[in-house]
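Here is a short briefing on one residue, its helix and a neighbouring helix. Please keep the sequence and the model open alongside.

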Amino acid sequence: MHFDEAVRRFLRHLESEKSRSKETVRAYLADLQDFRGHLASLDKLEDITEIDQFHVRGFLADRFGKIKKVSVGRKLSALRSFFRFLLREDVVSSNPAASIRAPKKERPLPRGLTVDEIDRFFSRNEGMSLRDRAVFELLYSSGLRVGELTSLSMTDLDLDNGWVRVIGKGNKERYVPLGSKAIHAVREYVASRAAGNPDLSANLITGPLFLNSRGGPLGQRTIRRILKRYLDSAGVTKDASPHGFRHSFATHLLQGGVDLRSIQELLGHSSLSTTQRYTRVDVAKLMEVYDKAHPRSGATSSGKSTGYNRFGKK
């Protein structure tokens, strides 16, 4: 089988059987096209069965140092999945990427906002549109991924009971609470749509909840662009993304005493280790919590610290 035909079959498999999002499918395609370019330079595109682990290793070695380690790891993961599918379909007799170890991942923290910065973001942008306020209140209130937010319709919202139904990665369904400010913002936005253009309000129930200026679905890039404008307006210098609101949601809940398992459910993570990466707090915060909570931390009966805890730290 030719490489291009194998890729087409694999992408159909991801969409129809695995229910992968369009963004995920596009990412797989980009990585496989990159590998295709490498094979083309070696004249190895005619028969997929001729590809072995040395071709895969050579491809990854060529990319190593030119792109981030996490990107190299993602390309390896894409190739593993691709050849695993072909092995299952009896197209190849082995997976040439299976035995190759991924580079150690770099795990930078997402750029979140502090509680003060969140308050400043909303208070100094009183003039933001009803749609934009509803978007950012929802992102912060429920910790949604931006792709999950742009996929919402009114049927996913229960504003009376304060819940939103979310279809996350892997087509997994979860229900997340809505804060009062988010509920109010969404109600105002929905009312403005219903009272506006009849052509737009006709699809309010089953169509996309958030629309762009042309009446089409609001895109993720548009949200990133308007977020930058509002951050500048509020005097917040961090280069935060919409995903930063999700990180802020998680860290602020953790700092408020919510346990990791609950945050894991709210975020829709399949692994607790992923949640831990999103919700790291600095050592000073951990020491403060330890001093207040641990019965033998070194605090006096009056609740005041003696100056030292079990770790010998002031």
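Asp132 lies in helix 6, residues 130-142. Helices are DSSP runs of H or I with at least four residues, strands are E runs of at least two, and both are numbered from the N terminus. This is a predicted model: local features need pLDDT of at least 70, side-chain atom pairs count only at pLDDT 80 or more, and totals for chains, interfaces and linings use all residues. Residues are numbered from 1 along each chain as its sequence is written, and side-chain values use heavy atoms, without hydrogens and water.

**Asp132**
- Asp132 is buried, because its relative accessibility is 3% (buried is under 20% relative accessible area, exposed over 50%, partly exposed in between; 1.4 Å probe, protein chains only).
- Beyond neighbours within four places in sequence, Asp132 is in contact with Ile226, Arg229 and Tyr230 (contact means heavy atoms within 4.5 Å).

**Helix 5 against helix 6**
- Helix 5 (residues 115-123) packs on helix 6 at about 165 degrees, with the axes 11 Å apart (axes are lines fitted to C-alpha atoms, for helices over the stretch in contact; angles run from 0 to 180 degrees between N-to-C directions).
- Helix 5 is therefore roughly antiparallel to helix 6 (angles under 35 degrees count as roughly parallel, over 145 as roughly antiparallel, 65 to 115 as roughly perpendicular, the rest as oblique).
- Ile118, Phe121 and Phe122 of helix 5 meet Arg133, Phe136, Glu137 and Tyr140 of helix 6 in this contact.

**Whole protein**
- The protein has 14 helices and three strands.
- Of its 314 residues, 41% count as buried.
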